[in-house]
Amino acid sequence: MSTVIGYAETLREQSADIDPETREAFLAIVHDEARRMQRVVEDLISLSRIEAEKFTTPTEAVDVGQMVEVSIESARRIAERRGSQLVARVAPELPPVAADRGQILQVLDNLITNALRYGEPGTPVTVSAYLQDAMVHLTIADQGEGIAPEHIRRLTERFYRVDTSRSRSLGGTGLGLSIVKHIVERHRGRLNIESELGRGTTAHVLLPVAAAAEPSLS
Ligand SMILES: Nc1ncnc2c1ncn2[C@@H]1O[C@H](COP(=O)(O)OP(=O)(O)O)[C@@H](O)[C@H]1O
Ligand SMILES: [Mg+2]
């Protein structure tokens, strides 16, 4: 915010002495910083909404395969920019999960964006979904730089980033995985991030199958 205010003040107070090129450069900084602030505010609002609903278990029957398709479609532009292929592997006849549709999309969007941003350009990102022990198991895997073990357990902390300036320049707010963790917890699911330095990262999300869809024991 101080950057935006600082540049805006300079532009107003010294406008007579600033040449058009410098002026354009300053305006571009103001614009980019304001956009970044907007993303941070949006993510913070998201987090408080999710927290406020923490004790209400989601009940919509959500088709995870369909959510994977929707989020892959919305990540297509950034995938193309990175030269990365998005591969979906969804098991047939996956039962629905008891979920909040918008929040499942948020989980997928955040994890897919991370995989594309921190994966090696030109390598694929694979999203898979299959059934395991009455849970739908989602994985988002990249081939990238990976994450050192000492960082892994801190990744879901608010604003925690392995490389702050890099994440910032890639458009990150440092809140994505914190949002993912809160959503998964609200769904009584589990989140696990597995990574090997120099090889890549796989995020695992387990979500309980909707009650009516659970296989009957009788
Ligand atoms: N797939 C990944 N590969 C390598 N590092 C990752 C991956 N996903 C997340 N990270 C690291 O975890 C940090 C936190 O992720 P996140 O909460 O999504 O914030 P952001 O992406 O906005 O920085 C990132 O800054 C990055 O350092
Ligand atoms: Mg992120």
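Predicted model: local features only at pLDDT ≥ 70, side-chain atom pairs only at ≥ 80, totals over all residues.
Two or more lining residues come from each of helix 2 (20-52), helix 3 (64-74), helix 4 (76-82), helix 5 (101-118), strand 5 (135-142), helix 7 (164-169), helix 8 (176-186) and strand 7 (200-208). Helix 5 contributes the most, with 10 residues. Helices (H or I, at least four residues) and strands (E, at least two) are DSSP runs, numbered from the N terminus. By residue type, the lining divides into 17 nonpolar, 18 polar and 13 charged residues. In this division Ala, Val, Leu, Ile, Met, Phe, Trp, Tyr, Cys and Pro count as nonpolar, Asp, Glu, Lys and Arg as charged, and the others, Gly among them, as polar.

The chain as a whole has eight helices and seven strands, and its C-alpha atoms fill a box of roughly 80 × 40 × 35 Å along the principal axes. Its domain assignment gives domain 1 (2-52) and domain 2 (60-213), with bounds that come from an automatic or database assignment. The centres of the two domains, taken over C-alpha atoms, are 30 Å apart. Contact (heavy atoms within 4.5 Å) links 10 residues of domain 1 with 13 residues of domain 2. Each domain also supplies at least three residues to the lining of the largest pocket.

The largest nonpolar core has 41 residues, of which Val64, Leu86, Leu108, Leu111, Ile112, Leu138 and Ile140 touch the most other members. Such a core is a set of buried Ala, Val, Leu, Ile, Met, Phe, Trp, Tyr and Cys residues joined through side-chain atoms within 4.5 Å. Helix 5 gives the most to this core, with seven residues. Because domain 1 and domain 2 both give residues to this core, it lies between them. Beyond its neighbours within four places in sequence, Leu138 is in contact with several residues, including Val64, Leu108 and Val205.

Of the 218 residues of the chain, 42% count as buried; buried means under 20% relative accessible area, exposed over 50%, and partly exposed in between (1.4 Å probe, protein chains only). Arg158, in the loop between helix 6 (149-152) and helix 7, is partly exposed because its relative accessibility is 39%. Leaving aside neighbours within four places in sequence, the contacts of Arg158 include Leu47, Glu51 and His182.

Most residues other than glycine have a negative phi. Asp133, however, has a positive phi near 50 degrees; this residue is in the loop between strand 4 (125-132) and strand 5 and counts as exposed, at 71% relative accessibility. Arg188 likewise has a positive phi, of about 55 degrees, and is in the loop between helix 8 and strand 6 (190-196).

Residues are numbered from 1 along each chain as its sequence is written, while chains are lettered from A and ligands numbered from 1 in the order in which they are written. Local features need pLDDT of at least 70 and side-chain atom pairs count only at pLDDT 80 or more, whereas totals for chains, interfaces and linings use all residues; side-chain values use heavy atoms, with hydrogens and water left out.
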